[in-house]
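Work through the exercises below with the model open beside you. Try each task before reading its solution.

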4 protein chains.
Amino acid sequence: MDFSSDTSAPAHPAVLEAMARVNSGTEPSYGNDSVSKHLREVLARTLETEDFEFWLCASGTASNALALSCFCPPTGAVLCHEESHIARDERGAPEFFSGGGKLQLLGGKGAQIDETALRQALAAIDHGFVHETPAHVLSLTNLTESGTAYSRETLAHYAALAREAGLTVHLDGARIANALVNTGASLAEMSWQAGIDVLCLGLTKTGAVGCEIIILFGEARKKAPELRARAKRAGHMPPKMRYLSAQALAMLDGGLWLDLAATANQRAKQVADMLCKHPGTELLHAVQGNEIFVRLDNKVADALRQAGASFYPWLEGSYRLVTNWKTGEDTVERLSKLVV
Amino acid sequence: MDFSSDTSAPAHPAVLEAMARVNSGTEPSYGNDSVSKHLREVLARTLETEDFEFWLCASGTASNALALSCFCPPTGAVLCHEESHIARDERGAPEFFSGGGKLQLLGGKGAQIDETALRQALAAIDHGFVHETPAHVLSLTNLTESGTAYSRETLAHYAALAREAGLTVHLDGARIANALVNTGASLAEMSWQAGIDVLCLGLTKTGAVGCEIIILFGEARKKAPELRARAKRAGHMPPKMRYLSAQALAMLDGGLWLDLAATANQRAKQVADMLCKHPGTELLHAVQGNEIFVRLDNKVADALRQAGASFYPWLEGSYRLVTNWKTGEDTVERLSKLVV
Amino acid sequence: MDFSSDTSAPAHPAVLEAMARVNSGTEPSYGNDSVSKHLREVLARTLETEDFEFWLCASGTASNALALSCFCPPTGAVLCHEESHIARDERGAPEFFSGGGKLQLLGGKGAQIDETALRQALAAIDHGFVHETPAHVLSLTNLTESGTAYSRETLAHYAALAREAGLTVHLDGARIANALVNTGASLAEMSWQAGIDVLCLGLTKTGAVGCEIIILFGEARKKAPELRARAKRAGHMPPKMRYLSAQALAMLDGGLWLDLAATANQRAKQVADMLCKHPGTELLHAVQGNEIFVRLDNKVADALRQAGASFYPWLEGSYRLVTNWKTGEDTVERLSKLVV
Amino acid sequence: MDFSSDTSAPAHPAVLEAMARVNSGTEPSYGNDSVSKHLREVLARTLETEDFEFWLCASGTASNALALSCFCPPTGAVLCHEESHIARDERGAPEFFSGGGKLQLLGGKGAQIDETALRQALAAIDHGFVHETPAHVLSLTNLTESGTAYSRETLAHYAALAREAGLTVHLDGARIANALVNTGASLAEMSWQAGIDVLCLGLTKTGAVGCEIIILFGEARKKAPELRARAKRAGHMPPKMRYLSAQALAMLDGGLWLDLAATANQRAKQVADMLCKHPGTELLHAVQGNEIFVRLDNKVADALRQAGASFYPWLEGSYRLVTNWKTGEDTVERLSKLVV
């Protein structure tokens with residue numbers, strides 16, 4: 001009963017099988033291999049467009065920071081939610097990669113940016129006023145850090161506001177599969193069709209060993225050479241790229257990533273329902289992915305812990321429980337006996 | 001007949017098997033897993049000491065740059081050979097990670113630093129003279145970029161000179177296995193016993209998927225928390241660390257890494273001998289690892305290419321050929337028929 | 001009737017006379033001149049201690065950023081008020097100089113940090129939790145950005161809390177003379193005796209041409225060589241340092257700086273009193289220095305503007321008026337006729 | 001008899017008088033003052049063009065580093081001479097301001113870049129080869145660090161080669177007045193007419209208190225907003241800009257700067273002639289400005305020192321003597337009695 005994080009789960013066996021499958025023969029290094037070429041085709045189908053460039057990363061933090069650094073100059077800022085991963089959990093990676101750029105934090109419930117706050121921030125941008133740091137990028141996260149899903153309408157609306165103000169729109173999609181499953185939107189609808197310029201498509205939390213894809217759409221494609229150069233000097237150009245591409249292929253080709261996310265989401269729903277049967281449980285955010293944020297009766301929390309369940313304390317006395325592709329129905333059943 | 005790079009070879013099957021073997025059950029993220037704990041034991045045996053800290057990286061560039069950034073402040077410099085990988089092939093990674101530190105380039109044959117140049121550079125360090133950038137680190141590379149091996153005596157001698165001048169000594173060991181096989185020295189002899197403070201132990205070129213180990217010895221261990229923080233913000237703290245640890249285990253436990261390097265070295269020797277049978281061949285550096293630097297008769301070069309051999313043009317009309325763990329004896333034989 | 005900023009005023013004539021006075025004969029460059037040596041003596045008397053090191057800067061932004069960069073590593077954060085100058089008005093200078101460090105913003109009325117917010121931020125520091133950026137410095141500002149003065153008791157209390165948590169305490173004293181005049185505290189009481197480790201003593205807004213002094217006290221003195229090196233590489237080591245020292249001497253020796261601040265403060269008081277005679281005026285913060293933050297009746301604002309008064313619109317429909325050493329009593333009188 | 005540096009001389013009295021002259025009345029801060037507007041007119045006349053933007057700096061190091069950082073991305077390099085000021089004497093300022101860019105050092109006699117080395121470096125640029133750092137800027141220095149002057153023909157030739165290769169051309173003109181006097185070229189001929197994109201026009205060594213002008217020509221003007229933003233965040237936007245502009249006006253309007261440089265050059269010639277009367281003197285570089293690089297007979301060196309002359313030991317047992325606008329003919333006479 002490990003609810004600590006979706007990254008404590010093992011990878012899906014198909015991922016490792018795919019890596020073993022490409023493990024023969026020589027291949028050009030640094031992304032010029034045949035596996036990466038195949039991945040491009042599969043990505044085009046998955047994204048329903050050819051109008052993109054991509055780069056692979058083993059780390060979500062690197063993926064976000066590299067993407068942001070191509071669009072936020074050292075004298076600029078990134079608008080993001082105050083609870084976003086780039087603001088709270090990446091040890092200053094965006095500031096490091098951008099050469100000292102700033103994050104400008106916005107509030108909003110369920111870790112979704114408040115529209116009024118966004119409008120005010122956009123209206124305040126004044127490139128001619130040299131003393132303040134103007135925003136160049138809006139960074140959104142879906143699934144959010146509170147486990148809620150932006151609808152594609154909200155995403156498209158926010159992206160449109162940001163673009164009108166001259167900003168580039170970045171989507172941190174470390175758990176985008178969970179958001180897609182929840183909303184029923186396609187990846188195309190949730191990314192470029194919604195006005196996203198650069199997408200960090202995460203597969204690690206979904207079930208890969210370690211695989212994230214930075215995708216530049218449309219105009220943003222012009223930054224592809226800079227992205228490669230920045231990736232190289234940040235040590236995010238592993239020579240044997242085929243193994244990253246193999247992971248992505250295993251997940252995307254055939255839709256395994258969405259299946260795994262669907263399982264994780266379903267388990268989260270079941271776990272939340274189970275917990276809510278106890279009158280002392282307070283659900284803090286709608287469960288729209290694979291994360292549950294709750295206040296628990298002390299007795300329940302203790303019972304879970306004594307039964308070996310692991311989960312993290314969160315803000316203000318609450319708890320976070322995360323399910324993953326391997327969370328079994330038996331786990332839900334075991335849980336049901338503990339919440340009485 | 002791929003002699004383009006040792007990174008174009010596949011990983012050794014044992015590496016992927018090891019990754020698959022750890023692919024079950026949940027594990028704590030970010031390096032607190034049981035596989036990484038086991039790796040520490042194996043590393044201690046391999047290094048013949050307990051007096052070390054380590055961090056895993058998927059990239060050699062990141063490994064070097066992270067290591068250097070812990071010891072070279074933004075106002076300082078790193079002494080290194082003018083042909084070293086950190087100077088020529090990492091797109092400014094050391095400068096990026098150190099926040100604007102400098103590389104101070106030294107000459108020397110066979111990509112080995114000239115002792116006089118080293119002594120002069122060390123003597124010129126003046127921390128009180130604010131206008132010039134004082135060296136804080138000496139970075140050595142073994143196997144060097146010209147495929148030659150520093151003897152452990154030279155390494156120890158240079159390290160002693162540097163330490164006397166107050167510098168930290170870094171060893172870029174992207175191909176250290178090849179140097180160990182060549183010199184007969186043990187890893188302990190070639191690292192901490194020789195006065196190396198921080199070792200970047202490379203396993204990728206030797207046969208891993210992507211696995212490098214930064215190792216801090218003795219006093220340098222104090223930098224371990226900073227190293228972790230820097231790794232995190234550079235996106236070099238993948239959550240599912242077990243897969244990196246599994247690679248290292250597969251290579252180190254039982255000595256596979258040295259066996260693979262021995263094969264690669266032997267093939268290089270054989271290839272060089274074969275090429276040298278032609279009177280037009282000029283060997284530019286002693287072949288002391290898995291790299292061959294030669295001038296070739298045009299006809300020989302053409303014949304190789306027409307037979308499908310791949311290799312890079314190098315400095316001043318020369319060529320570089322690299323062998324790897326998978327280079328077969330049949331390749332040598334095929335080659336022998338082309339060099340007439 | 002220029003109330004736009006205290007930096008739009010000319011320098012006090014004594015400052016330019018002092019510069020002209022040292023303008024003869026040769027002097028060693030880069031701070032080794034006799035004027036700078038004399039300044040050290042005067043500073044010691046002014047600070048009532050010998051336990052300090054100092055560096056001169058022509059810019060307040062540079063002064064703050066250089067000071068902070070010596071104590072906040074690139075992987076760390078600075079606690080400061082959300083309206084502080086370093087957060088809002090320096091275009092990311094702290095992030096730039098620190099190599100990507102973060103500012104962690106705290107709220108509080110009158111631009112003074114709220115004690116509860118400070119305590120929570122200090123309690124949350126966890127150097128072992130690698131994902132979040134731990135605070136290394138507390139930065140306070142006196143006079144604050146809302147023109148209020150921290151009492152020396154509050155300053156000392158906050159500094160003690162921060163030091164207990166292992167932080168270095170920085171004081172942005174761009175308008176410290178105004179705060180000293182207001183509170184009656186001595187510079188010693190408001191700086192090292194209150195637990196300030198590093199003081200940015202501003203003289204530009206008070207009446208210099210461009211002169212700020214970074215002062216390191218006690219343990220912080222160890223950072224003096226790093227401060228010099230950082231100043232050099234940031235271009236804040238002008239060769240002809242004597243002219244900066246001459247400015248500081250003109251201001252400090254004899255107490256001119258406090259006299260000028262006293263005048264500016266008195267005028268601010270008079271202007272505020274005058275404005276408040278109108279029932280439509282709302283004073284937003286106590287006037288404890290040379291800055292007035294008010295809401296004005298539209299007719300009053302218009303009358304002022306038509307009479308040629310200049311002042312900036314501030315947050316939420318308010319205005320900021322700043323007096324300086326040259327604001328005359330006649331200006332107050334003229335004003336009195338406009339506010340009816 | 002101070003030959004240590006031209007920065008140990010005082011400023012010309014006219015400079016301080018000009019500063020005092022603008023010291024009345026209020027003026028907008030940050031460069032929007034009337035003095036700076038007047039300076040623009042004088043600069044246009046001096047440069048013989050209106051096609052430029054400018055920014056003022058109190059420091060030559062900052063002036064160079066700010067200029068370079070607008071044209072060299074963090075993933076790029078600057079070509080410069082191995083003895084150039086930006087490489088040897090600025091403590092890594094270019095690397096700091098550019099966010100980790102590299103300097104690529106070229107050789108050549110008299111601190112002038114060798115044409116073959118330049119051509120090779122330009123030919124080696126390959127933006128598609130991600131591992132190496134491509135040059136984006138060529139930085140030239142006139143007067144060079146060896147006191148020699150590039151002719152305008154050579155400057156124009158090098159600039160043309162660099163521009164053809166897509167580089168921006170920067171001219172470090174810390175002692176440009178000395179080069180202009182020596183070559184007889186006008187500032188226009190030596191800058192934009194020669195293909196210089198960005199000029200750092202130094203006035204401090206010539207006789208100002210501390211004043212350097214960054215000038216962007218033609219296409220480079222597009223970088224003016226970025227230059228301002230970078231200047232702000234580096235603390236090189238002093239609020240009371242009028243005092244920097246006043247210095248520049250005093251020097252440029254009427255040609256004082258060239259007169260002062262002419263005096264310094266003439267004295268250097270006289271000093272060199274005097275020293276060369278001794279058979280033990282070896283002049284290392286032609287004296288084409290205000291700097292003399294010599295080997296001296298030990299007795300001569302001792303005699304000079306005993307008579308109170310100050311000058312620095314330079315490379316390989318040589319000495320550097322620098323004259324300035326205030327070096328008198330009496331100094332030359334005194335010297336003549338010591339060199340026997």
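Domain bounds here come from an automatic or database domain assignment. The model is predicted: local features need pLDDT of at least 70, side-chain atom pairs count only at pLDDT 80 or more, and totals for chains, interfaces and linings use all residues. Residues are numbered from 1 along each chain as its sequence is written, while chains are lettered from A and ligands numbered from 1 in the order in which they are written.

**Exercise 1. Domains of chain A**

Find the domains of chain A and describe the side of domain 1 that touches domain 2.

Step 1. The assignment gives domain 1 (13-252) and domain 2 (257-338) in chain A.

Step 2. The C-alpha centres of domain 1 and domain 2 of chain A are 28 Å apart.

Step 3. Count contacts (C-beta atoms, placed from the backbone, within 7 Å). In chain A, 18 residues of domain 1 are in contact with 17 residues of domain 2.

Step 4. Name the contributors. Helices and strands are DSSP runs numbered from the N terminus (helices H or I, at least four residues; strands E, at least two). Helix H8 (176-183) and helix H11 (242-252) of chain A each give at least two residues to the domain 1 side. H8(A) gives the most, with six residues.

Step 5. Sort by class. Ala, Val, Leu, Ile, Met, Phe, Trp, Tyr, Cys and Pro count as nonpolar, Asp, Glu, Lys and Arg as charged, and the others, Gly among them, as polar. The domain 1 side has nine nonpolar, eight polar and one charged residue.

**Exercise 2. Chain A and its partners**

How many residues of chain A are in contact with chain B, and how many with chain D?

Step 1. Take chain B. Here 41 residues of chain A are in contact with 41 residues of chain B. Helices H1 (13-21), H3 (60-69), H5 (93-97) and H10 (224-233) of chain A each supply at least two residues of the chain A side. H1(A) has the largest share, four residues. The classes are 19 nonpolar, 15 polar and seven charged.

Step 2. Take chain D. Here 10 residues of chain A are in contact with 10 residues of chain D. The chain A side holds three nonpolar, three polar and four charged residues.

**Exercise 3. The sheet of chain B**

Give the strand order of the seven-stranded open sheet in chain B and explain its edges.

Step 1. Recall the pairing. Strands of a sheet pair through backbone hydrogen bonds, either parallel or antiparallel. Two strands pair here if DSSP finds at least two bridges between them.

Step 2. Read the order. It is E1-E7-E6-E5-E4-E2-E3 in chain B, with mixed pairing.

Step 3. Check the edges. Strand E1 (52-57) and strand E3 (102-106) of chain B each have a single partner strand, so one side of each is left without a neighbour in the sheet.

Step 4. Zoom in on one pair. Strand E2 (residues 77-81) of chain B pairs with E3(B) in the parallel sense over five bridges. Ala77(B) has Lys102(B) as its bridge partner in E3(B).

**Exercise 4. A helix of chain D**

How many residues of helix H11 (residues 242-252) of chain D are buried?

Step 1. Apply the cut-offs. A residue is buried if 20 or more other C-beta atoms lie within 10 Å of its own, exposed if 12 or fewer, and partly exposed in between; C-beta atoms are placed from the backbone.

Step 2. Count. In H11(D), 11 of the 11 residues are buried, so the helix is largely enclosed by the rest of the structure.

Step 3. Find the cover. It includes helix H1 (13-21), helix H2 (34-47), strand E1 (52-57), strand E7 (212-217) and helix H12 (256-276) of chain D.

Notes. Contact = placed C-beta atoms within 7 Å.
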